[in-house]
Amino acid sequence: MIDSTDIKERGTSLLRYAMHYGAMLGLFWMFKYMFKIGAGFSDHVFIYIFYLLNVGTFLLIYIFTFKYKASEPDKPKGIWSCVFFVVLICFFASFFEAVIMYAHFKFIDPGFFMKMTAPFIAMVDKMPNLQPDQKEIFMYIVTGKPLYIISEFIGNMILGVILGFLMSFLVNSTNNNMNNK
């Protein structure tokens, strides 16, 4: 029979590590997002740096997953534990990114969001046989800042699932190579 205290301890440990590393990743994502804000006011160098920093996300998640797996060597962590850990990291980091995105759209550069959604608004305007109430619903979906932030949040969670599987296999193969030496 499974001991419930062991499950509680593992869940608490997982959540504690995920919150800690998720906060660090979230601060990195806020830093990275600053370059996207800078790209709206300046030349294209900032957007290149923004996309280049995406590699940092991969590296940070790899380091965090490796540290999490090595945190309690007497309690091995499986593939699902790593996947859930990375998804939780992305979940907690998304809160930080949502804050900077909201500040960007609301206070820093409100016109940026309108420039970004202008092609979608034009597409809705060109739709044939669209009733006024349907057009209003489409416009709300296209121009909804909260919906955009939520979609980014969901995108980060999907990224967490993909990177979670990738990291669980990478970290397990790294651990196997170290144990074989």
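**Helices in a predicted model**

Okay, let's start with helix H2 (residues 45-52) and helix H3 (residues 54-71), which pack at an angle of about 20° with their axes 4 Å apart. Those axes are lines fitted to C-alpha atoms, for helices over the stretch in contact, and angles run from 0 to 180 degrees between N-to-C directions. Angles under 35 degrees count as roughly parallel, so H2 and H3 are roughly parallel to each other. Who makes the contact, meaning heavy atoms within 4.5 Å? On the H2 side we have Phe-50, Tyr-51 and Leu-52, and on the H3 side Asn-54, Val-55 and Gly-56. Those residues split into four nonpolar, two polar and no charged, with Tyr counted as nonpolar and Gly as polar.

Quick word on the source: this is a predicted model, where local features need pLDDT of at least 70, side-chain atom pairs count only at pLDDT 80 or more, and totals for chains, interfaces and linings use all residues. Residues are numbered from 1 along each chain as its sequence is written, and side-chain values use heavy atoms, with hydrogens and water left out.

Next, the record. UniProt, in an unreviewed entry, puts "transmembrane region" at residues 45-66, 78-105 and 147-171; such annotations may be inferred rather than shown by experiment. In the model, residues 78-105 are 96% helix and 0% strand, with end C-alpha atoms 40 Å apart. For residues 147-171 it's 100% helix, 0% strand and 35 Å. Helices here are DSSP runs (H or I, at least four residues), and strands are too (E, at least two).

Last one: Thr-117, in helix H5 (residues 110-125). Buried or exposed? Thr-117 counts as buried because its relative accessibility is 4%, and the cut-off is under 20% relative accessible area (1.4 Å probe, protein chains only). Leaving aside neighbours within four places in sequence, Thr-117 contacts Val-142 and Thr-143.

Methods: Parallel < 35°, antiparallel > 145°, perpendicular 65-115°, else oblique. Contact = heavy atoms within 4.5 Å. Buried < 20%, exposed > 50% of the residue type's maximum accessible area, 1.4 Å probe, protein only.
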